[in-house]
Structures are given as C-alpha cells and as structure tokens.
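The following report describes selected packing features of one protein chain. It should be read alongside the sequence and the coordinates.

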Amino acid sequence: MARRVKSLLKVGLTAGTLAVLTVGCSTILPGGDTASTLYGLTAPSNYTSAMSASGWQLMVEEPVAERALDTDRIAVYSGPHALQYFTGARWTDRAPRMMQDLIVESFEHAGLQMSASRQSVAVRPNVALVSDLRDFEARVTPAGDGAATAMVVVRLSAKVIWLDGRKVLDGRTFEARQAAGSDTVADVVSAMNVAAQSVVRDVVVWATETSNQAMPAS
C-alpha cells in the first residue's frame with residue numbers, strides 16, 4: 001500500500017505542488033522527525049528536438065551520496081557547518097534515487113526511450129553514467145530584518161564510461177543554484193525543482209553527445 005501511495009504521489013507533481021498526507025505545515029527551521037507531506041520533483045521535458053542514439057545503450061547508475069544526503073529528508077544548511085532537515089516534510093524517495101529517476105525520465109523526454117535504463121533492468125548496456133551527488137540542499141542565510149533567504153544548490157559529478165574495458169570517456173561536474181522565494185519548504189522545493197532540472201538537462205545532453213562520439217562509424 002505504501003508503494004502505491006508513493007507512486008501516486010510522484011505522478012504529476014510540479015514545482016511547489018504539495019502531496020498532503022495529513023494536515024500540516026512545514027517551515028524553517030527544522031526540528032522534529034514526523035513527516036506529514038511528501039514532495040516530488042519533475043524531469044525536464046523542454047528539449048527543442050529529439051536527440052538520437054547511435055547504437056548505444058546507456059545504464060544510469062544511482063548516484064553515490066554521503067550519508068547526510070542519502071536520505072528522503074529535505075536537507076537545509078542553517079549555518080556553515082549546521083546541516084538540518086525540514087520538519088514535517090520528506091522527498092518521495094531518497095535524493096540519489098530521485099536524481100536517477102529524473103535522469104532516466106529526461107532521456108525519455110529527449111526521445112531516447114530505448115537507450116537509458118536503471119541498473120536493475122535486464123538490458124545489455126555498453127555505456128554507463130556514474131555520478132556522485134555532492135550537493136542537494138538549501139542554504140539559509142538570516143537577513144537583517146529578521147527574515148531569512150534560501151539558496152538551493154544541486155551539484156552532480158558525473159562520468160560516462162565505456163563498459164568494454166571500463167574506459168572513462170569524459171567526466172564533468174554540473175551545478176545549478178536557484179534562489180527560493182522564501183525559506184518555507186514549498187518555496188525551497190520549487191527552487192530545487194528548477195535547479196535539479198537544469199542539472200539533469202545538461203547531463204542528458206552531455207552524456208548523449210559523449211556516447212555518440214564514442215561509437216565507431218558504421
């Protein structure tokens with residue numbers, strides 16, 4: 001039943017959209033550990049034209065993340081070294097798995113439905129996208145008037161690997177920052193959606209171009 005609820009919540013969520021399980025309100029700063037609302041992100045779909053895959057099958061591995069980010073809790077830095085989590089709010093899945101899902105879905109939106117898959121799917125890939133999720137959090141700075149501003153940061157270090165011989169074709173770090181309208185969880189999630197889409201879109205375009213260049217000419 002929990003899996004079904006998660007699936008239903010994940011479909012159709014837009015930036016800032018709330019999936020309410022019980023009545024609750026989440027604001028900064030974090031405190032407790034009771035989740036009342038699940039938040040999801042959406043994959044970018046505004047590709048100008050469909051891209052082509054020149055005979056490769058890409059396996060998108062789940063990004064590696066440090067313990068503080070390898071969670072479904074929404075991370076907030078309220079100081080240089082003070083990592084906390086929003087009260088009464090969680091992601092629909094662990095942050096690394098969410099990024100993996102966004103990347104795979106974005107490949108589909110780019111017209112590459114048959115060329116990207118998760119590791120658990122029984123395919124015979126010849127290219128792998130491996131990555132480290134370095135940042136996936138909001139950073140809150142107190143303002144002079146007693147309010148606070150929040151900046152969302154998403155940073156992914158990725159490599160495209162040719163599986164025949166495990167040769168690294170290319171490696172890059174992708175980062176996006178997006179100011180949130182306020183320090184509330186809804187505005188932070190909305191900003192996170194914008195930042196995550198920017199990173200994922202750039203990763204998909206780069207991984208596609210890199211994989212195409214690696215394929216031998218027919």
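In this predicted model, α2 (95–109) crosses α3 (185–214) in a right-handed manner; a crossing is right-handed if the near helix is turned clockwise from the far one by less than a right angle, and left-handed if anticlockwise. Helices (H or I, at least four residues) and strands (E, at least two) are DSSP runs numbered from the N terminus. The axes of α2 and α3 lie 9 Å apart, at an angle of about 55 degrees; axes are lines fitted to C-alpha atoms, for helices over the stretch in contact, and angles run from 0 to 180 degrees between N-to-C directions. α2 is therefore oblique to α3, the class left after roughly parallel (under 35 degrees), roughly antiparallel (over 145) and roughly perpendicular (65 to 115).

From α2, Met-99, Leu-102, Ile-103, Ser-106 and Phe-107 meet Ala-196, Val-199, Val-200, Val-203, Val-204, Ala-207 and Thr-208 of α3, where contact means heavy atoms within 4.5 Å. This contact comprises 10 nonpolar residues, two polar and no charged; Ala, Val, Leu, Ile, Met, Phe, Trp, Tyr, Cys and Pro count as nonpolar, Asp, Glu, Lys and Arg as charged, and the others, Gly among them, as polar.

The largest nonpolar core contains 56 residues, and those with the most contacts inside it include Met-99, Ile-103, Phe-107 and Leu-129. Such a core is a set of buried Ala, Val, Leu, Ile, Met, Phe, Trp, Tyr and Cys residues joined through side-chain atoms within 4.5 Å. Among the elements giving two or more residues to the core are β8 (127–142), β9 (148–162) and α2, while α3 contributes the most, with 13 residues. Beyond neighbours within four places in sequence, Leu-129 touches residues including Leu-58, Ile-103, Val-160, Val-203 and Trp-206.

Glu-66 lies in the loop between β4 (64–65) and β5, and Arg-155 lies in strand β9. Buried means under 20% relative accessible area, exposed over 50%, and partly exposed in between (1.4 Å probe, protein chains only).

| Residue | Relative accessible area | C-alpha separation |
|---|---|---|
| Glu-66 | 46% | Leu-133, 7.9 Å |
| Arg-155 | 25% | Phe-174, 5.6 Å |

Apart from neighbours within four places in sequence, Arg-155 contacts Asp-132, Leu-133, Arg-134, Asp-135, Thr-173, Phe-174 and Glu-175.

Residues are numbered from 1 along each chain as its sequence is written, and side-chain values use heavy atoms, without hydrogens or water. Local features need pLDDT of at least 70 and side-chain atom pairs count only at pLDDT 80 or more, whereas totals for chains, interfaces and linings use all residues.
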